[in-house]
Amino acid sequence: MGSIEEETRHVDVLVVGGGPVGLVMALQLLKFSRSTTVTTIEKYSKSTQDTYGRAITLYPRTCEMLDQLGLADSLAQKCFACRDTVSYDRNGKEVMGRGWAFMESMGKENWTQWDFALVLRQRYQEEIFRQKLKDLGGKLETEKEIIGIEIDESIEKGGYRVHASVKNVVTGKVETIICRYLVGADGGRSFVRRALDIPFEGSTTEDKWVRIDGPLKTDMPKSRGYGAIESPTHGNVLWAALDHGATRIGFAFTAERQKGYTEFNEAAAVAEAIESVRPFKVEFEKVDWFTVYAVGQRVAKQFFTKDCVFLAGDACHTHSSGAAQGMNTGIHDAVNLGWKLSLVVRGLAPTSLLSTYESERLPNVQKLINYDKDISRLMTMQLPLGWTGDSNADPNEILGVVMAEAAAFTSGLNISFDNNILNTHGSLSTSSASVSAGKRGPDVLLQKPGTFEGTRLHRETENIAKFHVVVFVGDTESTCSSLRGFSTAIENSKIFSDDLAISWLTIIAGRSPSPFETLGRSPLGRVFFDAEKLAHSRYGVNMKEGAVFVLRPDGWIGAAMALKVEAVDEIETYFKGILTIK
């Protein structure tokens with residue numbers, strides 16, 4: 001038997017769960033600081049869990065966030081980039097404006113480089129995330145099951161108050177991991193959630209859905225995209241082109257259809273899939289994966305408890321796959337929490353920052369749940385609960401309307417946060433209502449000095465757990481005096497130092513041989529040109545006045561100020577409320 005020391009270890013953060021949410025959580029913490037100690041455990045062997053199925057779709061805002069973490073390009077290398085959709089009625093006739101039609105307009109109003117649905121099965125996503133974790137010096141410890149959690153609340157916040165008992169499921173050996181923070185990303189049946197008695201409120205319906213993946217042959221005219229087939233027997237059937245030439249078919253498995261099977265096996269799944277897509281024909285070359293599951297919606301009452309334990313992903317919210325939101329929502333959780341936890345662990349921010357995780361994520365999850373309740377019923381040919389419209393309305397038509405109304409939220413581009421210490425309205429009067437505190441910071445095209453090589457604001461404001469203060473200079477002839485006063489005040493400020501988690505960027509309208517000559521001084525931080533002035537326009541900046549935007553590490557707007565000396569006081573006040581200023 002080993003000594004006590006061998007069976008106990010201390011880490012800053014223990015992440016429970018080796019799916020996409022847990023992996024993204026862990027690799028962020030290591031990316032932001034190699035000095036942060038992180039242990040990530042997974043109950044199952046990934047060799048047995050690496051089936052092809054489960055989640056498949058990442059929407060534009062999720063891709064933007066992963067891009068700012070340096071992960072999206074690797075996903076895009078293997079994905080099916082879906083920009084085309086189609087809907088067919090029960091007779092196989094194409095109908096417009098229904099089903100997944102909203103996908104074709106994603107990113108048109110709110111421009112994004114990621115204006116498509118990135119389709120890549122969870123198996124391949126996890127492979128990429130595990131490799132990135134390994135590259136950062138981390139490791140996923142598989143076949144490690146958490147079996148107990150004790151919290152010593154007599155220890156101060158931020159101290160090593162969590163004692164987790166972890167069992168090796170192969171050897172049976174139990175060790176204690178003592179950590180400052182624990183993140184439960186261990187799925188819908190979360191041990192972490194149950195161990196801490198956190199209510200999981202909601203319900204599971206009697207409706208069941210089937211999903212089946214594999215390469216196939218079909219006579220469906222438009223088969224390589226996201227499609228819907230309005231089946232009289234299987235609801236609004238999902239047809240999704242997948243990576244590596246495969247296809248997913250998803251359909252409602254009604255109580256009446258269930259009566260035909262004593263056992264629902266692969267052969268049954270194939271038979272029902274064939275029936276679901278009629279009048280089209282389909283022949284599976286092989287089946288990679290299939291599942292049948294009950295549909296329901298549940299939300300944990302708390303996402304953050306005891307000042308040291310977090311829930312993320314399915315551990316704190318479950319819903320149908322009707323709108324393909326599951327993994328997106330979980331990654332939003334991980335990205336929202338990752339930089340905040342990193343700053344606190346490293347002593348760069350007070351523990352009070354952590355409460356904004358729940359206050360920002362829970363309302364957006366609840367909004368998703370409300371949409372999902374309607375969408376999941378409509379996909380099974382039932383009108384929404386509380387429906388006050390025509391009782392004879394076609395659920396397929398209503399589904400198209402609901403999905404179109406939810407499009408901006410579904411894409412993630414319109415997800416926003418209420419006012420709090422991170423999202424504060426400053427002195428800027430902008431011409432764009434969509435560009436304000438708590439809203440996504442738009443991505444814009446920029447040019448580098450010298451070469452005028454094209455780049456993007458999101459690419460230049462990567463998520464490294466630092467805030468980015470972006471100075472839009474506007475028309476320098478009009479703003480030179482205010483820019484000079486602002487820059488001088490920043491340089492003389494006693495709170496800004498290299499130790500703070502802040503970086504600076506200057507964006508000049510137009511372009512020139514020398515940023516120094518254009519500004520009449522050295523720029524604050526790195527400098528870029530806005531040759532066509534579209535970046536200024538998209539951020540609603542008055543060219544004669546300029547503006548200053550604080551972008552949070554995750555890309556949302558924290559605050560916006562007019563470009564003037566007084567803005568320095570606003571910026572100082574903003575960061576004094578968030579960061580640990582020495």
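This is a predicted model: local features need pLDDT of at least 70, side-chain atom pairs count only at pLDDT 80 or more; totals for chains, interfaces and linings use all residues.
Phe-452 lies in the loop between β22 (445-447) and β23 (454-456). Its phi is near 60°, a positive value in a residue other than glycine. A cis peptide bond joins Arg-278 and Pro-279. Its omega is about 20°. Pro-279 is also a loop residue, placed between α9 (266-276) and β17 (282-284). For background, most residues other than glycine have a negative phi, and most peptide bonds are trans.

**Helix packing**

Two packed helices are described by the angle between their axes and the distance between the axes.

| Helix pair | Angle between axes | Axis distance |
|---|---|---|
| α2 (20-32) and α10 | roughly 25° | within 9 Å |
| α4 (60-68) and α10 | about 35° | 10 Å |
| α11 and α12 (395-405) | about 155° | 9 Å |

Take α2 and α10. Their axes cross at roughly 25°. Angles under 35 degrees count as roughly parallel, so α2 is roughly parallel to α10. The crossing is right-handed. On the α2 side, the contact uses Pro-20, Val-21, Val-24, Met-25, Gln-28, Leu-29 and Phe-32. On the α10 side, the partners include Met-327, Ile-331, Val-335, Trp-339 and Leu-341. Gly-330 and Gly-338 of α10 also take part. By class, the contact of α2 with α10 has 13 nonpolar, four polar and no charged residues.

Helix α4 packs on α10 as well, at an angle of about 35°. Here the crossing is left-handed. Arg-61, Thr-62, Met-65 and Leu-66 of α4 make the contact with Asn-328, Ile-331, His-332 and Val-335 of α10. Four of the residues in the contact of α4 with α10 are nonpolar, three are polar and one is charged. Ile-331 and Val-335 of α10 meet α2, and Ile-331 and Val-335 also meet α4.

Tyr-371, Ile-375, Leu-378 and Met-379 represent α11 in the contact. From α12 come Pro-395, Ile-398, Leu-399, Val-402, Met-403 and Glu-405. The contact of α11 with α12 has nine nonpolar residues, no polar ones and one charged residue.

**Cavities**

How many cavities of 30 Å³ or more does the model hold? The count comes to five. The largest cavity has about 90 Å³ of space. Its lining is made of 15 residues. Gln-325, Thr-329, His-332, Phe-409 and Ile-415 lie nearest its centre.

Which helices each supply at least two residues of this lining? They are α10 (326-345), α11 (355-379) and α13 (407-410). The most comes from α11, with four residues. By class, the lining of the largest cavity has five nonpolar, nine polar and one charged residues.

Two elements link the cavity to the helix contacts. Helix α10 supplies lining residues and packs with α2 and with α4. His-332 lies among the residues nearest the centre of the largest cavity, and His-332 is also part of the contact of α10 with α4.

Methods:
Residues are numbered from 1 along each chain as its sequence is written. Side-chain values use heavy atoms; hydrogens and water are left out. On a 1 Å grid over the protein atoms alone, a cavity is a set of points where a 1.4 Å probe fits but cannot get out, and a pocket is an open set with protein on both sides within 12 Å along at least five of seven lines; lining residues have an atom within 4 Å of a point. Grid points are joined across faces, edges and corners, and a volume is the space filled by probe spheres set on the points. Ala, Val, Leu, Ile, Met, Phe, Trp, Tyr, Cys and Pro count as nonpolar, Asp, Glu, Lys and Arg as charged, and the others, Gly among them, as polar. Axes are lines fitted to C-alpha atoms, for helices over the stretch in contact, and angles run from 0 to 180 degrees between N-to-C directions. Angles under 35 degrees count as roughly parallel, over 145 as roughly antiparallel, 65 to 115 as roughly perpendicular and the rest as oblique. A crossing is left-handed if the near helix is turned anticlockwise from the far one by less than a right angle, and right-handed if clockwise. Contact means heavy atoms within 4.5 Å.
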